Amino acid sequence: MAEPDLAVVGAGPAGLAAAVTAAEHGLRVVLVDGAARPGGQYWRHADEAISPGPRYDDLRDRLRAAEAAGRLDRVSGHQVWFVEPGEVPTLHLTPRREPVRARALVLAPGGYDRQLPVPGWDLPGVLAAGGAQALLKGGQVVPGRRAVVAGTGPFLLPVATGLAEAGVEVVAVCEAGSLAGWARSPAGTAAVPSKTVEAARYAAALARHRIPFHSRTAVTAIHGDDAVSAVTLSRLDRAGRVRTGVPPRRVEADVVALGWGFTPSLDLFTTLGARLRVDTDESLVVEVDAGQRTDVPGVYAAGEVTGVGGALLALAEGELAALSVAADAGRPVAERRVRALRRAVGRGRRFAGAMHRAHPVPASWETWLRPDTVVCRCEEVTYATVCTARDELGAADARTLKLLARPGMGWCQGRVCGYATARLAAGDRPLTVDDLAPTCRRSIAVPVPLGELADP
């Protein structure tokens, strides 16, 4: 399409819902995604013949119908490395092809695992929880024989059960918080009843595979010479400190999957200058109105970038964003459906708030670290170096800490260590937008071959 009405970035639940809904309302749509198949991380699948679920099947069928009708072009296997602001924004893609210029954008790039440093986390065999799941779902690769899954949040459960179903012996699931935390937000917990059913299903799967579940427990050290051979499991108090009087346990394992929630992918939004806010889980997210509009004209956001809340919330936000695009373009939309989606988004966000309050990052995780613990793996910056910059040189924010000690200056540009760096710099005070924004502000959103930049 020479100049579509809408470009959607990301083909996960939010992006798929936005793309097909917009096309069904008469808009000409281009859908850009880095994967070969639609579905995103949530519906990642290695074989098109294997269905990830009925909701995916419905969206896939509608996607194909829109393509066949000439209302939607799908650009698979391409990533947006830069969005050029303007009255008609321009998306620059890699591998190189003609840029996409669209009158409106729905950005739904999703997110990735948030990580905390722990002694030994740079050993081979340590994976992000999402990375372990991606190996299984996308590549049908079993990462090892004995696994420990640790961190906080409900995502640990599907990772553990997925590993077990693939033949891995999951020797422990370690939840740093307590399940009793859900009782602090009863209205939010009850806002999405299907989540309770889902939790019960995972609990049954853990029991079926005889996977031990330990609350208020964390992996506080990972051991091995050339690869992971064992982990130390420690009981935690309410503040996240290792409990005195309770001896830690050493457990043999060759795989450790760590997950501390998710970090939204905000590169494109920071380039456009969209307004951001700090969410309940201390993630930096995009601020949107009741129709998923950002404060940048013509730019809409959906999915994890507006607040990590799962696939059901992402689906509702994606469809709502598309209806807003259609309405803003003068197309008729069903106001009854808009109201229903806004209610669904409200319920989803209440549930997400309850989830984040029930599964916070432990406040005292810094006490697990040793002076030689690597905080930034790209630049090999240790905890001792970070402390020197913070305590002796006055680096009270992530940007200053980055300038003085180099965390976040390596290949990943702070994607892995950004949250930990900001948290260490801030000390005990709450994180702000100014603390977190430097960790996600990247003009070049993904790696680009130099030849693509140099070739006119």
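**Surface patch and charges**

Colleague: Which residues make the nonpolar surface patch of about 300 Å²?
Modeller: In a patch like this, each residue has over 30% relative accessible area and no salt bridge, and nonpolar side chains (Val, Leu, Ile, Met, Phe, Trp, Tyr) are joined within 5 Å. Areas are Shrake-Rupley with a 1.4 Å probe, with only the protein chains shown as cover. The patch of about 300 Å² is made by L393, L403 and L404.

Colleague: For the record, it's a predicted model: local features need pLDDT of at least 70, side-chain atom pairs 80 or more, while totals for chains, interfaces and linings use all residues. Numbering runs from 1 along each chain as its sequence is written, and side-chain values use heavy atoms, without hydrogens or water. So, is L393 buried or exposed?
Modeller: Buried is under 20% relative accessible area, exposed over 50%, partly exposed in between (1.4 Å probe, protein chains only). L393 has 54% relative accessibility, so L393 counts as exposed.

Colleague: How far apart in sequence are the parts that D5 and R103 tie together?
Modeller: Their side chains meet in a salt bridge at 3.2 Å, N to O (Lys or Arg side-chain nitrogen within 4 Å of an Asp or Glu carboxyl oxygen). D5 lies in the segment before strand 1 and R103 in the loop between strand 6 and strand 7, so the pair ties together parts separated by 98 residues.

Colleague: With which side chain does the side chain of D281 make a polar contact?
Modeller: D281 is buried yet has no salt bridge, with the nearest side chain of opposite charge, R114, 4.3 Å away. The polar contact, at 3.1 Å, is with the side chain of S283.

Terms used:
Lys, Arg positive; Asp, Glu negative; His and termini not counted. Polar contact = N/O pair within 3.5 Å; in protein donor to acceptor, adjacent residues only side chain to side chain. Patch = residues over 30% accessible without salt bridge, like charges linked within 9 Å, V, L, I, M, F, W, Y side chains within 5 Å. Helix = DSSP H or I, 4+ residues; strand = E, 2+ residues; numbered from the N terminus.
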